[in-house]
Amino acid sequence: MSEYLLLLLTTSLVNNVVLAQFLGLCPFMGVSNKVSSALGMGLATTFVLTFSCLAGWILEHYLLIPLELGFLRLLSFILVIAVLVQLTEMMVAFQSPELHRILGIFLPLITTNCAVLGVALLTIREELDFLQAILYGFGSATGFTLVIVIFAGLRERMALCRIPPAMEGAPISFITAGVLAMAFSGFVGFA
């Protein structure tokens, strides 16, 4: 039990997919202007990332390896992710049309989010068992959501501050992301 808890803490805080592995930076910077949209994107990504790890593990161990089709891994994982993103987009459009409108193009772009594909491939490279693969995906997605929501909150606060003109926009966002990464590096000894 403690092994699984440690895996969740490590993937969400210590080896955070955005701040430590530098995956998923496009939605991190693009959708993090408001906490509500960042939370929506984080939850959608959590669903896709967790289930892509689950489906990828099953696909790898019950189809690709037995049939010696390992060379199709990347293509098959992208196909699984695209299907999951389409299902997620339909679900968000049905449940919350306003969130679907706010997320706009970023929702279908989860398909090309390197964090989703990267984590699915990492579960295979790390040779995790089924439950570990699901927890690895969920922990990584939780870390992604946590970071994107915190960053959105910081950006909302910065919108109320006077920032020198040369630092407005991307420069202050990158500095803030760097400070956030340094804050998360404090979890290294924790897990």
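The views below all come from a predicted model.

View 1. Leaving aside residues up to four places away in sequence, Ile110 is in contact with Met41, Ala44, Thr45, Val48, Ile81, Val85 and Val116.

**View 2. The buried residues of helix α1 (residues 2-14).** Leu7, Thr10, Thr11, Ser12, Leu13 and Val14 are the buried residues of this helix, and they pack against α7 (130-159) and α8 (170-184).

**View 3. The crossing of helix α6 (residues 114-125) with α7.** The two axes come within 10 Å of each other and cross at roughly 150 degrees; since angles over 145 degrees count as roughly antiparallel, α6 is therefore roughly antiparallel to α7. The crossing of α6 and α7 is right-handed. On the α6 side the contact is made by Val119, Leu122 and Thr123, which meet Ala133, Tyr136, Gly137 and Ser140 in α7. Sorted by class, the residues of this contact are four nonpolar and three polar, with no charged residue among them.

**View 4. The crossing of α7 with α8.** Here the axes come within 11 Å and cross at roughly 135 degrees, and α7 and α8 are therefore oblique to each other. This crossing, between α7 and α8, is right-handed. In α7, the residues Leu146, Val147, Ile150, Phe151, Leu154, Arg155 and Met158 meet Ile172, Ser173, Thr176, Ala177, Leu180 and Phe184 in α8. By class, the contact of α7 with α8 comprises ten nonpolar, two polar and one charged residues.

**View 5. Phe22, a residue with positive phi in the loop between α1 and α2 (25-30).** Although Phe22 is not a glycine, its phi is positive, at about 55 degrees. The side chain belongs to a residue that is exposed, Phe22 having a relative accessible area of 55%.

**View 6. Glu68, in the loop between α3 and α4.** Glu68 is likewise a residue other than glycine with a positive phi, near 55 degrees. With a relative accessible area of 67%, Glu68 is exposed.

Definitions and conventions. Residues numbered from 1 in each chain as written. Predicted model: local features only at pLDDT ≥ 70, side-chain atom pairs only at ≥ 80, totals over all residues. Heavy atoms only, no water. Buried < 20%, exposed > 50% of the residue type's maximum accessible area, 1.4 Å probe, protein only. Helix = DSSP H or I, 4+ residues; strand = E, 2+ residues; numbered from the N terminus. Contact = heavy atoms within 4.5 Å. Axes fitted to C-alpha atoms, helices over the stretch in contact; angles between N-to-C directions. Parallel < 35°, antiparallel > 145°, perpendicular 65-115°, else oblique. Left-handed = near helix turned anticlockwise from the far one by under 90°. Nonpolar A, V, L, I, M, F, W, Y, C, P; charged D, E, K, R; others polar.
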